[in-house]
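Thanks for making the time this morning. I would like to talk through the charged side-chain pairs in this one, so let me put the sequence and the model up before I say anything about them.

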Amino acid sequence: MGERPPKDSAFDSYAADYEGALQQGLQLSGESADYFARGRVEWLALGLRQRQVGVISVLDFGCGTGSAIPHLHDILGAERIVGVDTSTAALERAAREHAGRPASFATPGEFRACGEFDLAFSNGTFHHIPPGERAAAMESIARALRPGGLLALWENNPWNPGTRWVMRRIPFDHDAIPLSAPVARRMVGAAGFEILGTDFLFVFPRALRALRALEPWMVRLPLGAQYQVLARRRTA
């Protein structure tokens, strides 16, 4: 479920077959990585529609090989997407595979943005960032957003036993340090964001997919494999 590991040298070795490495853990769910990638953006899109918010420009922070790019474009209707990641190998693959999309890619050292994005999207990135460096990373996201811009932070739920099992089986997640939803909310709030909501998704595996119609009614319960913290950058 994660997007990338903490060090570019570590992820470079997985960039060519990222999906294969990820699928080693996702076998328990019975679903592909794209099922989760689409599901995250579909849930985000629902929240944006409910708030009557549209987005034109999106920062994909920790984009990895760009698995979210097609969905950010097709579902959200983003007209400009910038993917940022520490792995040059992942960025090169993302640029090749999404050449027809309105997307560009940069390393953190190359990325320069100040108050220009409508939305920052980040999936499975912060559990790979050392805890002492997370505040600075979140502050850099805040600086990239326009006042009132939104953050959709997706992370793996460490309170879900299945999530922990999955992460143990994914090679590049072995050294990850998960963060719970309360920890994520505090981090986001400290960076100058107003928390709009926290939702837990992906409760039932494919074998129990008949029960998935119940999931929209269960999002406030900390049961899902992942959670989204949706927040707005404060205007003052």
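By salt bridge I mean a side-chain nitrogen of Lys or Arg within 4 Å of a carboxyl oxygen of Asp or Glu. Please keep in mind that this is a predicted model; by that rule, the count comes to nine salt bridges, and I will go through some of them.

Let me begin with Arg212 and Glu31, whose side chains meet in a salt bridge at 2.8 Å, N to O. Arg212 lies in the loop between strand E6 and strand E7, while Glu31 lies in the loop between helix H2 and helix H3, so the pair ties together parts that are 181 residues apart in sequence. Both Arg212 and Glu31 are buried, and these two residues, together with Arg206, are linked in a network of salt bridges.

The next pair is Arg146 and Asp118, where the closest N and O atoms of the salt bridge are 2.8 Å apart. Here Arg146 lies in strand E5 and Asp118 in strand E4, so parts that are 28 residues apart in sequence are tied together by the pair. Arg146 is partly exposed, at a relative accessible area of 28%, whereas Asp118, at 13%, is buried.

Finally, there is a salt bridge between Arg38 and Glu42, with the closest N and O atoms 3.4 Å apart. Both residues lie in helix H3, four residues apart, which is about one turn of the helix. Arg38 is partly exposed, with a relative accessible area of 36%, and Glu42 also counts as partly exposed, at 39%.

Notes: Residues numbered from 1 in each chain as written. Predicted model: local features only at pLDDT ≥ 70, side-chain atom pairs only at ≥ 80, totals over all residues. Heavy atoms only, no water. Helix = DSSP H or I, 4+ residues; strand = E, 2+ residues; numbered from the N terminus. Buried < 20%, exposed > 50% of the residue type's maximum accessible area, 1.4 Å probe, protein only.
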